[in-house]
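Hi everyone, thanks for coming. I'd like to walk you through one model today, so please have a look at it while I talk.

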Amino acid sequence: ADALELGIPFSDPIADGPVIQEAARRALTGGVTPGGCFELLARVRQKYPELPVGLLVYANLVFHKGIETFYQRCARAGVDSVLVADVPVHEASPFVDAARAQKIAPVLIAPPNASRDVLEHISRLGEGYTYTVTRAGVTGVRDKLSGESKRQIELLAALDAPPPVLGFGISTPDHVRAALALGAYGAISGSAVVRRVAAIEDSRRGEGLEELASFIQSMKEATRMA
């Protein structure tokens, strides 16, 4: 993959659909904590020093020990960007300021029904990339990618926003090709990956990881073909 988007398990992931909700439940039931996640992030960064790593998290996780403290922990772990999924753009300034103070890119979501005013605000505050969602609602696998994001991507480009990357429902190589054809700079696949991770059985872990790698490779190959 070109980059990793990782999450910290949270009890009320309101931007996520059933697949990632269930993943969060499994992790919390298994005793995963934010502290443990930061330790894991540091290990990922140590093993892959050049790979971009972004977080998608929720505001309570950031607020819990203070916004500045959260971004300091991100910086120590080697995180490159943070998207706080449940913070509206007009309330994002404290998060953006704390991120920039630690040289972390604040990533913002551009919803499909966003007004020009909202997209202008996103263009001013965001860095790294713009998480452009394919539809209203929550994350999750879908059968077909519609072309409804094209106008939004064109407007973001006109506003000189950080490069739009398309997410929510990207689950096949055809979706990746369609995203790039719409003008997106990349595609984010979450639920399709998490679903495959959840299906890996301990008794066939090696085989399951190979299948996961094959899926990722097929998604990356679609960007080259596009």
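First, some housekeeping. This is a predicted model, in which local features need pLDDT of at least 70 and side-chain atom pairs count only at pLDDT 80 or more, while totals for chains, interfaces and linings use all residues. Residues are numbered from 1 along each chain as its sequence is written, and side-chain values use heavy atoms, with hydrogens and water left out. Helices (H or I, at least four residues) and strands (E, at least two) are DSSP runs, numbered from the N terminus.

Let's start with the sheet. Strands of a sheet pair through backbone hydrogen bonds, either parallel or antiparallel. Here we have an open sheet of 7 strands with parallel pairing, in the order β1-β2-β3-β4-β5-β6-β7; two strands count as paired if DSSP finds at least two bridges between them. At the edges stand β1 (4-7) and β7 (186-187), each with a single partner strand, so one side of each has no neighbour in the sheet.

Now look at β4 (residues 105-110) and β5 (residues 130-133), which pair in the parallel sense over 3 bridges. Leu 108 stands opposite Thr 130 in β5, and Ala 110 stands opposite Thr 132. Buried means under 20% relative accessible area, exposed means over 50%, and partly exposed is in between, with a 1.4 Å probe and protein chains only.

What packs on this sheet? Helix α6 (residues 116-125) does, touching β4 and β5, and its direction makes about 165 degrees with that of β4. Contact means heavy atoms within 4.5 Å, and angles run from 0 to 180 degrees between N-to-C directions, with axes fitted to C-alpha atoms, for helices over the stretch in contact.

On to the helix pairs. The axes of α9 (residues 191-198) and α10 (residues 205-225) come within 9 Å and cross at roughly 165 degrees. The two are therefore roughly antiparallel; angles under 35 degrees count as roughly parallel, over 145 as roughly antiparallel, 65 to 115 as roughly perpendicular and the rest as oblique. On the α9 side the contact is made by Ala 192, Val 193, Arg 196 and Val 197, and on the α10 side by Leu 212, Phe 215 and Ile 216.

Helix α9 has another partner: its axis and that of α1 (residues 18-29) come within 9 Å and cross at roughly 45 degrees. These two are therefore oblique to each other. Val 19, Ile 20, Ala 23 and Arg 26 of α1 meet Ser 191, Val 194, Arg 195 and Ala 198 of α9.

Last, the loops. Most residues other than glycine have a negative phi, and most peptide bonds are trans. Lys 103, in the loop between α5 (93-101) and β4, has a positive phi of about 60 degrees although it is not a glycine. Phe 168, in the loop between β6 (164-167) and α8 (173-181), has a positive phi of about 80 degrees, again without being a glycine. Which is buried and which is exposed? Lys 103 is exposed, with a relative accessible area of 79%, whereas Phe 168 is buried, at 6%.
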